[in-house]
Amino acid sequence: MMKTITVKGIGKATAKPDLIVISMALDSQDMEYEKAMEKASDSIVQINSALAAAGFDKEEIKTTNFNVHSDYRSVRDSDGSYRQEFNGYVVSHNLKIQFDFDVRVLSNALAALAGCPSHPQLSIAFTVKNASAINAEMLRSATANARRKAEILCEASGVLLGELISINYSWGELDIISPTQYRVAEECMDAPMMAKGIDLLPDDIDVSDTATFVWEIKQKA
């Protein structure tokens, strides 16, 4: 019967952010479906216009989610019971723009959005353009880590490390985003103020993951 050793390798990788992503969330609501859609369309036009003034092309503004749903609210009747009352149609639209890391471009984009009548909710993330490269580095690290552990365990146990039998890895999505948070309260979203910007250097992106390796082990001759 073949004897084996199973080791979990821990891989780590670090990268400096070189990409900025601005995510925008818009909600439009009206009791009439057509008017809710018209409001949503107007908001998109305003976003496109604002970002065009900051130097972005319309093709750079990508939709990440679009949803239309009915909204209801709880209404209390005279007898004290509650019922659901239709409160209109809600059109939710999520957009994003991304660009090479440049604080000046970020400041210009935020200043443009600060003056946009549609007032989108914003979130800013610092990430990397080549996510596959950092993922590959992390996997190589996990492989080397597992082999070192296996060799040490075999040496300490007086056996030899044999052929690699299997590798188990989940291939889940890694969250390759800097932990640095960039937030601006809505009351501070003044266009001239945002245009001034601030010099910042986001924290490095650290990713880690695990993979499980199984090797054959042999007795020493």
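Analyst: Searching the whole structure turns up nine salt bridges. Keep in mind that this is a predicted model, where local features need pLDDT of at least 70, side-chain atom pairs count only at pLDDT 80 or more, and totals for chains, interfaces and linings use all residues. Residues are numbered from 1 along each chain as its sequence is written, and side-chain values use heavy atoms, with hydrogens and water left out.

User: Why is the contact between Asp 204 and Lys 16 called a salt bridge?

Analyst: The N to O distance is 3.4 Å, and the cut-off is within 4 Å, so the pair qualifies. Asp 204 sits in the loop between helix H4 (191-196) and strand S7 (205-219), and Lys 16 in the loop between strand S1 (3-15) and strand S2 (19-30), so the bridge ties together parts 188 residues apart in sequence. Helices (H or I, at least four residues) and strands (E, at least two) are DSSP runs, numbered from the N terminus.

User: What makes Lys 16 exposed and Asp 204 partly exposed?

Analyst: Buried means under 20% relative accessible area, exposed over 50%, and partly exposed in between (1.4 Å probe, protein chains only). Lys 16 has 61%, so it counts as exposed. Asp 204 has 24%, so it is partly exposed.

User: How do you know that Glu 32 and Lys 35 meet in a salt bridge?

Analyst: Their side chains come to 3.8 Å, N to O, which is again inside the limit. Glu 32, at 41%, is partly exposed, and so is Lys 35, at 42%.

User: And what does the salt bridge between Lys 129 and Asp 100 link?

Analyst: Those side chains meet at 3.4 Å, N to O. The pair links distant parts of the chain, 29 residues apart: Lys 129 in the loop between strand S5 (121-127) and helix H3 (131-157), and Asp 100 in strand S4 (residues 82-100). Asp 100 is partly exposed at 45%.

User: Which residues are joined into one network?

Analyst: Arg 73, Asp 77, Arg 83 and Glu 85, through salt bridges that share partners.

User: What makes S1 and S7 a strand pair?

Analyst: Two strands pair if DSSP finds at least two bridges between them. S1 and S7 have 13 and run antiparallel, so they pass. Thr 14 stands opposite Asp 206 in S7. Strand S6 (residues 159-168) also pairs with S7, antiparallel over seven bridges, with Ile 167 opposite Phe 213.
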